[in-house]
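The following note is intended for a colleague who is meeting this structure for the first time. Its numbered points may be read alongside the sequence and the model.

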Amino acid sequence: MNKELSTQNHAFSFIKSVRSSKTIADERSIIKRESALIRTSFKDTAITHQVRRINIQKLLYLYILGEKTHFGQIECIKLLASPNFIDKRLGYLATMLILDENQEVLTLLTNSLNNDLNHPNQFVVSLALATLGNIASPELARDLYTDVEKIISCNNNYLRKKAAIVASKIVEKDPDLSEIFADKIDQLLASHDHGVTIGTMKLIRSLYEVSPESREPLLDKIPKIIEMLKTLLNSNLSQDYDLVSIHDPFLQITLIRTLRLFFTDEEQYSYTAKYNEDLNDILTAVFSYNDFARNAGAAVVHETVKTIFSIQNLDPALKVLGINTLGDLLGAKRENNNRYIALNTLLSVVEIEPLAVQRHRATIVACLSDLDVSIKRRALELSFAILDSSNIRILLKEILNFLDDPVNNDKELKTYITTNVTNILERKELIPNEKWKFDTLTRLVKSSGGFMTNSITSQILALVINIPNNDELKTYTVNKLFKVGYDDDSQNGLNLIVTWLVGEYGDLLLKTNLSDDKKVTDDVLVDYLLNLANLKNDNPTLISYILTSSLKLSSKVGGAAKSQLRAFIESKTKAIDLNIQIKAISYSVIFNEPDSIKQGLLDRMPPPPIKAKDTITLTNRISKPLPAAAASANSNTSARKGSTKTEDLLLDLMDDGPSPSQPQSNLNESDLLNDIFSNNTPATSQSKSNNNDILGLFDSPQQPIQQSPQSNAIEAHKSDKVKVSFLPKQIGSGQAVIETQLGNLSTSEISDLQLLIAVPKTQKLTMSSISSHTIQPFATVTQDLKIVGTPNSKIKLRIKFEYVKNGEKFTEQFDFGKLKQTI
């Protein structure tokens, strides 16, 4: 006993010394020294199991810290040879953590597992089963399946449960063994034990997924599974597994999940259709017998709703019942976890039963005022998802109230709202009348003018330009936006919009009132531009816009106001910023030209075409599609949307969705306006037809985009800053080598580039070093990927990359699965 206590103290002293380190250098020194001592100890051939156990304990702590532990793999396997249970327990734990199915040393584990799977002590057998289930390779599966088969047939339910789960892992690793374990299903189903039944359901699902030959016999088990679920609802198998009056919720969920797998197989619809009525009855009964006010009952209800909406040919009344149950669950404010899951589930089914979801609009909107930000985000997205022409006034009013609330200062949410509301206001079929549309637009700009991307600013200006010139609505809208901008110069997006409007529609503003006792005059417009230029002199983009607006306004004013504009433009001919200096010199020349020449140059811009866009999402959910009328007019947009469908099979790297700071990065917008005042020739202007920004009129002269050489690279992602392509080099025989090409599409340098890529769990990814972490303007960097996995499996990638541009950090994320070849 004293010796065992000293052993534990030895490991604890190491942990204590690491945790008490005052600096990182001290911690690294202790870890390095102890790691060296462990390595030296392992080299001693006369090492005892007691010393080996101490070293393995320390090794596990090093593993938790993220340190290298590969040198202890053999010692873990050696510890399994000890006859002591305490050694085996530690050895198997270390083996499961430090080794995986791809390690070559697993071949040395076969004999130990074989011996322990036949051990008379059930707890030793349990350890071996757990290890086999965690790190089984196809080779281990083929070598040890007979031992697992023998355990399934024993009378010990504790071991049969574990053996059934391990059998599911074995058939996944080697589908050829499915036939052997398929014969054990009837024997396992005869058991009424909780654990054995859960393990059996897992084995059934694995067999159904990997073995087409086993599917028809497994489908014959549907009546048995439905009967088991019905029995469980009426009477519990064992009170030990009941939770607050809910009969064995874990087993209920497992049975429902198995039924969902059977009934969602499209190839078997004709076979499973005869059980639809029984399934309808049992799912309705699940709603009746489970109290969703309890966490356990809510879990069963959520699984049931998920099943209902996964199966296409169920009774529509059942789907309405599922949504109503979620609505009731959403109204229960005591449990935020259940409300969050209810919102997520409603998001996934809103396009299947939109009317049923809309009945709970008031409850959804009430969630916008919740203190939990995660509930706010889901409620906000769901509000956009249920929006249509019948409720657009109510919902947009609530969303804009949410935007005005100072508590909601999340930049991501404000950018998301601004983008979606602008996209919605472009849809003519949703808008009740044009005046309401532009009143809403003005309120949006006033509330979130500092959170607008260039593309959103372009969309807003395009909406204003498309108002007919002889329509009083244009004067009304321009005046209202000018009043907002005149009173608030703190929001960059608002400043850009109002500056543009002053130059383009100054003549309309001169006919309006600024307030009850003040009219808009030449001096008011000129003073606005010059004061804004003085306040924002460190913003070259805004100064560039003000220069262009000054030139255009000069054709609409006269006298002293015109002279002030001339003086401002000439003052910028010596600006430090080269682009501003070039633009000011060009404008100064135009300013002095005769009116007959300037008239054509300074005339109003023609209205650009407007293409309705889908709303964007905060999660990986597919965005809400356009209504039929709009979809037919925008088939290209719909096609692009379909191609960006998210695959749930991929590992989520860091977050639940793309960064809203670039909400429009995947939208391919048409060129709205060209910079008519730049030094480009008309031919050059035409070549810039992919410019995303209507404000290009005010931007500094752009360099022509460098054309990349023709290659077999597949474009995966493109934004206004970067472009990502993949070039397959070698695909086949269970592996693929792909070159990642990341190009800089802007005129500024991109630095601190970090590229993160994930593949499905069935594949393994190795990445070479990136050619450079800095990308010069219009240059490209590359990085090779090597993917190893099951032959004939499809390549699916989730890419997330971060970079710094002009001192600002950006994050973009997307999924890629366009490669037709399989590994």
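**Notes on the predicted model**

1. The model is a predicted one, in which local features need pLDDT of at least 70 and side-chain atom pairs count only at pLDDT 80 or more, while totals for chains, interfaces and linings use all residues. Residues are numbered from 1 along each chain as its sequence is written, and side-chain values use heavy atoms, with hydrogens and water left out.

2. The chain has 38 helices and ten strands; these are DSSP runs, numbered from the N terminus, with helices being H or I of at least four residues and strands E of at least two. Of the 823 residues in the chain, 51% are buried. Here buried means under 20% relative accessible area, exposed over 50%, and partly exposed in between, with a 1.4 Å probe and protein chains only. Among contacts between residues at least 6 apart in sequence, 67% join residues at least 24 apart, a contact meaning heavy atoms within 4.5 Å.

3. Which residues touch the most other members of the largest nonpolar core? They are Leu132, Val148, Leu382 and Phe482, in a core of 187 residues. A nonpolar core is a set of buried Ala, Val, Leu, Ile, Met, Phe, Trp, Tyr and Cys residues joined through side-chain atoms within 4.5 Å. Val148 touches Leu129, Leu132, Ala163, Val166, Ala167, Ile170 and Phe181, when residues up to four places away in sequence are not counted. Apart from this core lies another, of 27 residues, including Val722, Leu742, Tyr803 and Phe810.

4. Helix 28 (residues 472-487) has 16 residues, which at 1.5 Å a residue should span 22 Å; its end C-alpha atoms are 23 Å apart, in agreement with that value. The expected span is 1.5 Å times one less than the number of residues. Phe482 is one of the buried residues of helix 28, among them also Lys474, Asn479 and Gly485. The buried residues of this helix pack against helix 26 (434-448), helix 27 (454-465), helix 29 (492-504), helix 30 (506-509), strand 1 (513-515) and helix 31 (522-535). At the start of helix 28, a side-chain oxygen of Asp471 comes to within 2.9 Å of the backbone nitrogen of Leu473.

5. The salt bridge between Lys173 and Glu101 has its closest N and O atoms 2.6 Å apart. This pair links distant parts of the chain, 72 residues apart: Lys173 is in helix 9 (residues 157-173), and Glu101 is in the loop between helix 5 (85-98) and helix 6 (110-117). Lys173 is partly exposed at 23% relative accessible area, and Glu101 is partly exposed at 29%.

6. Glu303 lies in helix 18 (residues 295-310) and Arg260 in helix 15 (residues 249-263), 43 residues apart.

7. Arg142 and Glu139 form a salt bridge with their closest N and O atoms 3.9 Å apart. Because they are three residues apart in helix 8 (residues 138-152), about one helical turn separates them. Arg142 is partly exposed at 41%, and Glu139 is partly exposed at 45%.

8. How many disulfides does the model contain? The count is zero, where a disulfide is a pair of cysteine sulfur atoms within 2.5 Å. Cys76 is buried, with 0% relative accessible area, whereas Cys154 is partly exposed at 24%.

9. Ser206 is in helix 12 (residues 194-210) and is buried at 1% relative accessible area; leaving aside neighbours within four places in sequence, Ser206 is in contact with Ser168, Val171 and Glu172. Leu510 lies in the loop between helix 30 and strand 1 and is partly exposed at 25%. The C-alpha atoms of Leu510 and Val520 are 5.2 Å apart, although ten residues separate them along the chain. Not counting residues up to four places away in sequence, Leu510 touches Val520, Thr521, Asp522, Leu525 and Lys556.

Technical notes:
A polar contact is a pair of N or O atoms within 3.5 Å; within protein, one must be able to donate a hydrogen and the other to accept it, and residues adjacent in sequence count only if both atoms are side-chain atoms. A salt bridge is a side-chain nitrogen of Lys or Arg within 4 Å of a carboxyl oxygen of Asp or Glu.
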